[in-house]
Amino acid sequence: MIDTLMQNPTGIALLALLGLGAVFGALLGFAAVRFRTEGNPIADQVNQLLPQTQCGQCGFPGCRPYAEAIANGEAINKCPPGGQETIEALASLLDVEPEPLDAEHGEEKAPRVALIREAECIGCTKCIQACPVDAILGAAKVMHTVIADECTGCDLCVDPCPVDCIDMIERKTGIQHWRWQSPDVIASDRVAA
Amino acid sequence: MIEVHTIKGGIHPPEEKALSNPGHVIDCPMPPKLILPLNQHIGAAAEPIVAVGQYVLGGECLATATGLVSANVHAPTSGVIASIDDHPVPHASGLSNCCIELIPDGEDKWLALNGTDDFRQATPADLVTAIRCAGISGMGGAGFPTAVKLMASDRTPIDTLIINGTECEPYITADDTLMQVNPAGIIEGAEILAFIVGAERILFAVEDNKPEAAAALTQAVVDTASSVAREVVTFPTKYPSGGEKQLIEILTGQQVPSGKLPADLGIVCQNTGTAVAVRDAVVAGRPLTHRIVTLTGRALNKPANYRVPLGTPIEFLLSIAGYQAEQSSRLVHGGPMMGFAIDDPRIPVVKTTNCVLAPTEQEFPSAPSAQACIRCGHCAEACPASLLPQQLYWYARARDQEQLERHNLFDCIECGACAWVCPSHIPLVQYYRAAKGFIQDSREEKIRSERSQARFEARQARVEREAQAREAKRAARKAAAQAKTTQDTEEDPIQAAVARAKARKSEQEVTE
């Protein structure tokens, strides 16, 4: 047996390669089962960057589904609440070119919260059912109110309201939310531009 | 005598302190109306407890602190509440905020004030409560509620209390004046503060450009007996030696690590004005309603230090000090280095107003337009916090949050030394302030988005659970209905017919 093999170097090489292939194949197969990643890690990272307004303006039912779609190659410029900043963060994560926001899905607005004009509310609970983050408090036939700290400003409660008593107002107003602005570009930059 | 250390960096701008005649204080007459902002401190705004039209006495509490980091607001004199509404307030934004408007009746009737004769009979907790009730917040400029600062030092043992009379910013002489006219009050307030935190020594820190103040304090220390070690320390004048962390390094040689508090080193630092306010609150039971304000600048005929009721409109103060509007280039709240421009002179004096500056165009020429950074590195030499201002500038322009945090942007005390030395006149501090703002915004957004994500997922789970429960119920109902029909008819005629047909069919198949 050994003699035949010694005379057949090609056979030895083949056997050796086959053996190696089998060993490493088994190893890889074992690793694939043992160290399997749950879910899609890229979708998780993308989801971290999305604003979590759950507004559905991108055409997906929430931020998580859009994150999964992006991980599978969907365009990254469909999120108006996130705006240009989110697009740039996504572009650098996925190493693609940042694109301008797709106007079809809406425009970037200052963060807002819903406000129910409480005197007009008829207690129909339609907005409560529409709210993706359970930020509206109330019960059938009693007045509803928005928990402003939890509201993501997604707009989804506005349409279902049969008496149009929900307003979207700007969230960050007043002196506490005022921030210093960056100075204008320096003079020499202006000349160059 | 303790050894005095030096800090890295710093600058020597023209001091201009003699202009406001330190050491003399003029009582400001009562203005026709007082505007008392509900938020004169760092933290949550106080909540009004008076109604429009109500008559109040001097020293009466008008608004109470909400939450831990907040401070009460008191009436500086007797009078009637005219309104509780938005009014321009001293703030870099120039925006309005809620204020209580008080029309003084001119009689200046006060509540009966109850002080403690011997504070050593009280517990530190009672004294902290007295300080909190008096609405005292840091009077050096930042305005952090004093009671909270004293409570924060509960966690670690404190050995040193520093009374900060550095007043390193040019023009301002309010603390200098206070140290000269009321050294005994400062000493007594310091004793109370040392008793509260359990400090074993008190250091009174004075820059060497205020020899009269240092002498007055030294004399007052000699004149009084005490159970703790006390020392008046003078050290060379340099801006910004009065920054809390800078002063601690000068006096002890220790640096407060990034993200830590002086209390972690066993040190508490309080301003001289705060010490006097504490003394008044504890010994006299008097809330914080007045403060010394330096009115200075060459556009004033009578620059001086005034003892001003809180809420006095700046325009009223200016008229007393002989303001020459046509000579003035601008108005500044605070000092020339860290103050901000006043858009509307109707804003009132608040607890943190140490200076109102009315310079002429010669004193404060308009800033020349900024040129490109030539990377000279002067800013890094001037920075008292050992930061790299130039790097921070580039990262701030690029809005690179990660690098800004890595270069310790939040250790910047916004002293303005870097911008002062910059040969290209780049408004560096404004870049840093803007950068701090957007980083804070993005941190808040991050927290919000994590919360909404958790709530969204919780809701999804709940909706699914409910759907499953409904489905299970429906299935149960269906099963129950089926069971009922089978019970009702022992043998279903249709089923029986189908079975017969099937049997016939299979028979046929077999025969074929």
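Predicted model: local features only at pLDDT ≥ 70, side-chain atom pairs only at ≥ 80, totals over all residues.
Chain A contains 7 helices and 4 strands. Read along the sequence, these elements follow the pattern α-α-α-α-α-β-α-β-β-β-α. The radius of gyration of chain A is 28 Å, whereas a compact globule of 193 residues would have a value near 16 Å. The C-alpha trace of chain A extends over about 100 × 60 × 30 Å along its principal axes.

Two domains are assigned in chain A, domain 1 covering residues 41-105 and domain 2 covering residues 112-174. The C-alpha centres of domain 1 and domain 2 of chain A are 26 Å apart. Their contact involves 6 residues from domain 1 of chain A and 7 residues from domain 2 of chain A. On the side of domain 1 of chain A that touches domain 2 of chain A, 1 residue is nonpolar and 5 are polar, with no charged residues.

Most residues other than glycine have a negative phi. Asp95(A), although not a glycine, has a positive phi of about 55°.

Chain A also meets chain B, in a contact that takes 20 residues from chain A and 23 residues from chain B. The side of chain A that touches chain B is made up of 9 nonpolar, 8 polar and 3 charged residues.

Chain B is likewise assigned a domain 1 (18-327) and a domain 2 (388-512). The centres of domain 1 and domain 2 of chain B, taken over C-alpha atoms, are separated by 49 Å. In the contact, 4 residues of domain 1 of chain B meet 5 residues of domain 2 of chain B. The side of domain 1 of chain B that touches domain 2 of chain B has 2 nonpolar and 2 polar residues and no charged residues.

Strand pairing in chain B may be described next. Strands of a sheet pair through backbone hydrogen bonds, either parallel or antiparallel. In chain B, 3 strands form an open sheet in the order 3-5-6, with antiparallel pairing. Strand 3 (47-48) and strand 6 (73-74) of chain B stand at the edges and have a single partner strand each, so one side of each is left without a neighbour in the sheet. Strand 3 of chain B is joined to strand 5 (residues 61-64) of chain B by 2 bridges. Within strand 5 of chain B, Ala63(B) stands opposite Pro48(B).

Strand 8 (residues 96-104) of chain B pairs with strand 2 (residues 34-37) of chain B in the antiparallel sense, over 4 bridges. Here Ile35(B) has Glu101(B) in strand 8 of chain B as its bridge partner. Strand 8 of chain B also pairs in the antiparallel sense with strand 7 (residues 79-88) of chain B, over 9 bridges. In this pairing, Cys99(B) in strand 8 of chain B is the bridge partner of Asp85(B).

A further open sheet of chain B has 6 strands in the order 1-14-13-17-15-16, and its pairing is mixed. Strand 1 (25-27) and strand 16 (340-341) of chain B are the edge strands, each pairing on one side only. Strand 13 (residues 290-296) and strand 17 (residues 355-357) of chain B run parallel and are joined by 3 bridges. Thr294(B) has Cys355(B) in strand 17 of chain B as its bridge partner.

Helix 3 of chain B lies across strand 1, strand 13, strand 14 (304-309) and strand 17 of chain B, and runs at about 125° to strand 13 of chain B. Helix 3 (residues 174-181) also packs with helix 5 (residues 211-223) of chain B, at an angle of about 35° and with the axes 8 Å apart. The crossing of helix 3 and helix 5 of chain B is left-handed. Asp176(B), Met179(B) and Gln180(B) in helix 3 of chain B meet Glu212(B), Ala213(B), Ala216(B) and Leu217(B) in helix 5 of chain B. The residues of this contact comprise 4 nonpolar, 1 polar and 2 charged.

A feature of the peptide backbone remains to be noted in chain B. Most peptide bonds are trans. Tyr239(B) and Pro240(B), however, are joined by a cis peptide bond with omega of about 0°. Pro240(B) lies in the loop between strand 11 (229-235) and helix 6 (244-252) of chain B.

Notes: Residues numbered from 1 in each chain as written. Chains lettered and ligands numbered in written order. Pairing = 2+ DSSP bridges. Contact = placed C-beta atoms within 7 Å. Nonpolar A, V, L, I, M, F, W, Y, C, P; charged D, E, K, R; others polar. Domains from an automatic or database assignment. Axes fitted to C-alpha atoms, helices over the stretch in contact; angles between N-to-C directions. Left-handed = near helix turned anticlockwise from the far one by under 90°. Rg over C-alpha atoms; globule rule 2.2 N^0.38 Å.
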